[in-house]
Amino acid sequence: MILLFVLLFAPYYGGTLTSVNAQQNGMSSSTSAVNWEEDKETILKVLNKVKSKEIISDKDYEKIRDALEESDSLDAFISSVDSLTVEVYLERVYESQSFKIIAGIVKWTFGNEKINIYITLENGSVLKFCADVQDAVAELKEGELPNPTINIYANEGTLRSIMESDDPFTALQVALIDGDIKYEGVGIANAVKLALTSTLSKAYGFFNPSPFEVTDEAKEIKYKGEEATLKLSPKGVRYVEFQSGIEGNDDVIIIDKYGCERGYTTKRNLKLMQTDTEELTPAAGIYTKPLSELKAENTFTEVAEIRRLMREMRNSTTSISIMNKTFYFIMKTKAFSHI
Amino acid sequence: MMKRKGTIIMFTAFFVALVFGLLYEMCATNPEVEENIEIREENTQLYAALVAVGIEDAIVDITDERALIRFNLPNNLNKEATWYYIMSASAAIAPETDKIIIQTYENYERREEVTVNTTDVIALINGSITMEEFQKMLKVSDSKN
């Protein structure tokens, strides 16, 4: 149900979720307590937004919120809402700013259809939902309809990216255009209709390219509400640098095509990368924490001792001492991971 | 009459959409962009170890085969001491790699490249080999520029 919410309500989620770790680990069905708290917060934000727009009824809102409050993991939440049927008032969706331009196409494509939605999770299992769309109301529930007119296929990673994107509506658009969310009509007439929709969405993408679509030239964009520049690293990876940077801090954010944070590097590291890219993999020099944060974490006395040895190194005895102290200290702390 | 008009509109819409869809495909002269980056936690761990001793400008790139560390030497650090530190930190964080490759830069100019087997670093730390033997196993090559 949560994934379905992400698919349908992503445009309404305007907040910022910056859990790089969660993203890198993927959303496993055995989400950790910390990740669950983050997910719970996000789901609640989506839910509140959907409720404030009167897209679902108060009764459905209460049912989902209660299930959310009572769950201690994503698994538990999914199981508790699987049996629910939620009514979605589509007219409200079409009226929203995000959908205004394409509301006609969406209405024409998905109005009065019986839709099965298949979401492949990272553990390989498939969540099945269905939506019976009757004019302005869509009834969502778990399971499959026996005679669908449209099938929609998505995967967990894509939905999570949409949810975590700085611009979920654009992310949804990118996923549809790039085929990360696939939809197919059942029967010739529906197949033709969906093919036309696909072509129209590409045409729409042609005139309204995603802000995260990158070219060889630097591009001015808004990221997290700030003026920023989108560029391509020497290894072909998208990154964003803020125009109002803090002096001495040259952190840049690595993002994907959906505008999700994937990692960090620095402008100086990019300069170092530029010198020779041949031997490097695309993940070279991309870290899960920004330099400014890593610097703040270093408070170990062992490190101070190693640094002293490095400054004073005169002979092989010092070399061995440096190597031993470093090895056992790093083994112990795994380079201070998750301080 | 109305039905015919509807069909014409539908065909026109389809044709226009088809043209723009094709245009989109043809005009999309995007550069090669890496869409699937597998970010390794070990890269961050080793980078954190480098940052701890003052090496902030560094590219860490660990694969199953090798750990490649490219760094710009800070003014206040001894070059050889830095190599030993990096070798040791890399062997601790990525012991399964075959090789450790350290590319030294000064003022962003390429200098020496040091290559060593990870097992040799561990052997030295375990005391299975002496420093003298270990130094013979190090391959130090000059700048290729």
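Two residues are in contact here if their C-beta atoms, placed from the backbone, lie within 7 Å. Keep that in mind for the tour of this predicted model.

Start by selecting chain A. It has 14 helices and eleven strands. Of its 339 residues, 42% count as buried. Among the contacts in chain A with a separation of 6 or more, 59% are between residues 24 or more positions apart.

Now show chain B as well and look at where the two chains touch. Chain A brings 63 residues to this contact, and chain B brings 57 residues. To find the chain B side, select helix H1 (2-27), helix H2 (41-52), strand S1 (58-62), strand S2 (66-72), helix H3 (79-93) and helix H4 (118-126) of chain B; each gives two or more residues to the side that touches chain A. Which of these elements gives the most? It is H3(B), with eleven residues. Colour the chain B side by class: 35 residues are nonpolar, ten are polar and twelve are charged.

Next, select H4(B) alone. Its buried residues are Asp120(B), Val121(B), Leu124(B) and Ile125(B). Turn the view to look down the axis of H4(B): these buried residues fall within an arc of 140°, so they line one face of the helix. The spacing is worth a thought: an α-helix has 3.6 residues a turn, so residues three or four places apart point the same way.

Last, step just past the end of H4(B) and select Gly127(B). Here the backbone takes a positive phi of about 85°.

Note on methods
Residues numbered from 1 in each chain as written. Chains lettered and ligands numbered in written order. Predicted model: local features only at pLDDT ≥ 70, side-chain atom pairs only at ≥ 80, totals over all residues. Helix = DSSP H or I, 4+ residues; strand = E, 2+ residues; numbered from the N terminus. Buried ≥ 20, exposed ≤ 12 C-beta atoms within 10 Å, placed from the backbone. Nonpolar A, V, L, I, M, F, W, Y, C, P; charged D, E, K, R; others polar. Arc of directions from axis to C-beta.
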